[in-house]
Amino acid sequence: MNELHEALRDNVRMLGQSLGHTMEADRGDQFFDKIEQIRQLAKQARRDPGTDSSELIEALSSLKDEELLPVTRAFTQFLNLANIAEEHHRVRRWLQNDTRLPGTDSIQGLIQALQEKGISGEQIVEQLSTMSIDLVLTAHPTEVNRRTLIRKYDDIAQCLRQQDAGNAVQHRLHELVNQIWHTNEIRQQRPTPVEEAKWGFAVIENSLWRALPDFLRRLDEQLVAATGERLPLLAAPVRFSSWMGGDRDGNPNVTATVTTEVLLLSRWMAADLYERDVDQLRSELSMHRCNSEMRELTGDCAEPYRALLADVRRRLRLTKAWIQAELDGQPIDPGGIYRDDSELLEPLLLCHRSLCESGMRIIAEGPLEDTLRRAACFGLSLVRLDIRQSSDRHAEVIQALVGFYGLGDYASWTETEKQQFLLKELRSKRPLISSHWQPEASVQEVLDTCRVIANTSAQALGSYVISMASTPSDVLSVILLLRDMGMKHTIRVVPLFETLGDLEGAQDCIAALLDIEWYRDYCAGHQEVMIGYSDSSKDAGQLAAAWGQFKAQEQLTALCQARDVRLTLFHGRGGTVGRGGGPSHTAILAQPPGSVAGSLRVTEQGEMIRFKFGIPEIAVRNLELYVGAVLEATLAPDDAPQPQWREQMEQLSLRGLQEYRSIVRGDEQFVPYFRSATPEQELVKLPLGSRPAKRRQDGGVESLRAIPWIFAWTQTRLMLPAWLGSDRALGNSINGDQLEQIQQMYQQWPFFRSNIDMLEMVLAKAEPHLSEYYDRRLVSEELRVLGSSLRARLEQMVDVINTIKRQQTLLVDNPVIRQSIEVRNPYIDPLHFLQAELLYRDRNQPEQVLEQALMVTMAGISAGMRNTG
């Protein structure tokens with residue numbers, strides 16, 4: 001292990017030296033010396049507790065305006081290079097600790113543990129064969145790095161892998177570092193929704209396309225070793241969906257035209273990837289022996305497999321040509337194209353059967369099985385596209401329709417009246433929408449989207465998610481509009497419960513929906529519900545939101561079990577604790593007993609997609625963690641929490657909610673302080689994603705999206721959304737007579753332990769002295785009192801966590817993360833002090849060069865913190 005850490009240090013040192021040489025060559029000796037001085041002062045301030053940061057601040061304050069941008073770029077790029085080295089180190093460590101060995105952190109070890117609990121091998125195989133994990137890639141604007149730079153970072157990672165294999169890569173590495181230094185870090189414009197979707201496709205092309213069959217091959221090997229049984233060839237325990245190009249909630253840039261384009265691009269990318277696979281298979285499957293089924297199809301051909309695959313390639317090329325013509329607006333005859341997943345699978349399966357029956361199973365189990373597994377997972381669409389829209393947009397359409405027909409004011413109707421009208425129309429054989437009706441543009445856009453969905457194959461679609469849903473009519477109205485636009489198949493229509501009030505009303509809403517006989521027939525015994533983490537945390541604070549989410553899932557699970565309905569919970573989790581983030585494996589095992597039940601949907605957002613799935617080896621590991629956690633949570637769920645724990649959580653939740661809202665909503669100084677002390681107002685200048693930062697441009701904190709809300713507090717290292725409210729709730733309990741029970745809950749209840757551990761990880765990244773500097777530079781004397789009190793509460797929160805965990809300092813049991821934070825801090829600190837200075841200058845005398853440098857500090861701090869919002 002020490003050798004591995006030494007290798008990590010060597011990689012960081014090598015990349016840092018390369019960056020130093022590059023800067024020196026570009027900016028000269030004096031600039032390089034200045035960077036070194038700043039770096040040493042930052043390290044000294046961290047190393048010596050008695051040293052304040054005054055010398056560092058003085059050195060940074062003395063920088064001329066023209067020096068600010070290159071200095072911020074220097075520290076930002078070092079942090080990006082350190083991230084690459086650390087990700088490569090994770091791969092190296094994972095490969096050295098072969099997780100296929102029983103007893104290690106592996107699927108095989110888990111299977112053996114389950115068997116020791118009396119669960120049979122047949123049960124395990126059955127569960128893995130039918131498991132349904134859907135990872136939904138979303139384009140929430142948290143990926144601050146440009147795609148251009150991401151590709152260069154990937155090339156550096158590849159060089160590090162080649163270096164481990166003994167190849168000379170120093171020249172290429174130095175060339176790439178030079179390319180990075182001479183490339184602008186910040187996009188000039190926000191990405192379009194189509195560009196975001198292409199970024200998602202690139203992650204699949206560059207990593208997941210290889211990782212998925214590697215993962216399934218490993219899973220199959222471990223299953224055979226533990227049970228003697230194989231995973232079915234077409235089993236797809238993990239699939240991928242996407243919101244990129246489908247999520248139009250609050251994003252006017254996602255239109256019906258955009259959705260159509262993204263659906264076509266996704267199909268084109270899939271066809272192109274399969275064509276590459278088929279070219280490889282044609283190169284390898286040169287054998288002449290085949291079974292009678294193959295011979296009947298290919299005749300007396302000397303190379304039957306190549307002949308059959310030539311026809312597959314021909315149809316893939318026809319499919320690509322047809323898609324390109326559609327994209328160009330010049331449609332061509334679609335004859336011969338692939339339309340259904342089964343059309344692609346059939347010839348590949350025939351090749352597999354023929355090889356096995358002809359004594360060539362070892363050949364069948366090679367690249368052919370990889371392609372079959374990809375086809376079973378990705379299908380012809382690559383990802384299945386979800387659609388998301390707000391409930392008020394659908395209500396607006398029905399309101400306009402009802403008004404057009406002179407039937408009254410839909411908005412004023414009771415819920416019962418709305419349901420009666422919608423169900424009557426759903427049962428009717430005539431269309432609701434008249435060809436003579438000419439609605440407003442916003443209404444027409446909703447209808448156009450429904451028409452696109454109606455004309456799209458069910459295999460290319462995921463779910464239709466309704467944000468701010470609270471009643472059965474919200475669901476019925478969507479189904480009605482889709483049906484009226486010509487949709488013949490069904491699509492899962494999924495209410496999203498986001499605020500604490502929504503979560504508390506979720507059970508009643510779904511119960512009322514399942515009471516409707518027409519809807520029960522429509523959903524065919526399967527109900528999906530989405531739980532929103534981001535907005536509930538911003539609405540109620542992390543502690544109250546987490547308990548509200550847990551209870552809602554419990555109630556929905558019990559309801560659906562009682563109604564004999566299969567429930568799939570869709571978790572809208574972000575990358576940070578304030579948005580439901582944290583280790584996926586831990587989070588799944590912390591769900592209420594019985595709520596996972598072999599199926600799970602979860603969002604993978606922003607930069608977390610790249611961190612978790614951007615490198616094939618890391619992607620394989622994360623897929624294993626997901627499958628292992630769902631398998632364990634399904635077959636060996638934890639016991640339900642004890643009644644006294646539930647009572648304690650109710651009290652903690654209520655106190656946490658009151659404390660959180662008393663500050664965020666009740667303190668009139670809070671919003672002015674938030675806007676003064678953080679770069680919230682300046683975030684709009686950072687072209688992160690296609691969505692606006694606010695739902696309403698004139699609103700306060702309540703209108704701010706959860707991502708910039710957390711991004712802003714992360715930049716100043718106060719990390720407030722993760723702990724505010726929890727500090728007083730937990731602090732009062734352990735200072736009373738509840739400490740022993742709280743510690744028992746931590747030891748024995750996965751839900752509570754998961755929340756405390758994730759909170760600890762955030763607190764380890766908090767830095768009160770940095771937050772204090774932002775206040776000193778940017779906040780009025782009057783508002784600094786609030787900042788001071790918040791920092792005092794933060795420090796008390798750290799004491800509370802240490803008391804609960806019976807430790808002296810944070811992260812005692814997680815030295816890897818602690819070391820990672822400690823190594824990065826000296827490089828992030830200058831960016832914080834620079835950011836505060838730049839905010840001051842930008843607010844008092846805005847200049848383009850200052851804005852550019854300011855945006856680079858945001859990107860650099862995000863890189864150093866490993867997540868943004």
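I number residues from 1 along each chain as its sequence is written, and side-chain values use heavy atoms, without hydrogens or water. The model is predicted: local features need pLDDT of at least 70, side-chain atom pairs count only at pLDDT 80 or more, and totals for chains, interfaces and linings use all residues.

**Cores.** I looked up the nonpolar cores, meaning sets of buried Ala, Val, Leu, Ile, Met, Phe, Trp, Tyr and Cys residues joined through side-chain atoms within 4.5 Å. Buried is under 20% relative accessible area, exposed over 50%, partly exposed in between (1.4 Å probe, protein chains only). The largest core has 111 residues, and W723 and F752 have the most contacts inside it. Helix α4 (residues 65-96) gives this core its largest share, 10 residues. Helices (H or I, at least four residues) and strands (E, at least two) are DSSP runs, numbered from the N terminus. A second, separate core holds 88 residues, including W199 and L355.

I then checked F752 for contacts (heavy atoms within 4.5 Å). Leaving out residues up to four places away in sequence, F752 touches M649, L652, L730, I742, M745 and Y746.

**Helix α30.** How many residues of α30 (residues 726-735) are buried? Seven of the 10 are, so the helix is largely enclosed by the rest of the structure. L730 is one of the buried residues, as are D727 and I734. The buried residues pack against several helices, among them α26 (643-664), α32 (750-765) and α34 (781-804).

**Cysteines.** I searched for disulfides (cysteine sulfur pairs within 2.5 Å) and the count is zero. C290 is buried at 16% relative accessible area. C523 is in no disulfide either; the nearest cysteine sulfur, that of C560, is 8.7 Å away. C523 is buried too, at 10%.

S771 sits in helix α33 (residues 768-778). S771 is buried at 2% relative accessibility. Beyond four places in sequence, S771 touches Y673, T716, L718 and R791.

S595 lies in the loop between α23 (584-589) and β8 (599-605). Is S595 buried or exposed? S595 is buried, with a relative accessible area of 4%. A polar atom of the S595 side chain lies 2.7 Å from the backbone oxygen of P592. Apart from neighbours within four places in sequence, S595 contacts Q553, T557 and L569.

Note on methods. Polar contact = N/O pair within 3.5 Å; in protein donor to acceptor, adjacent residues only side chain to side chain.
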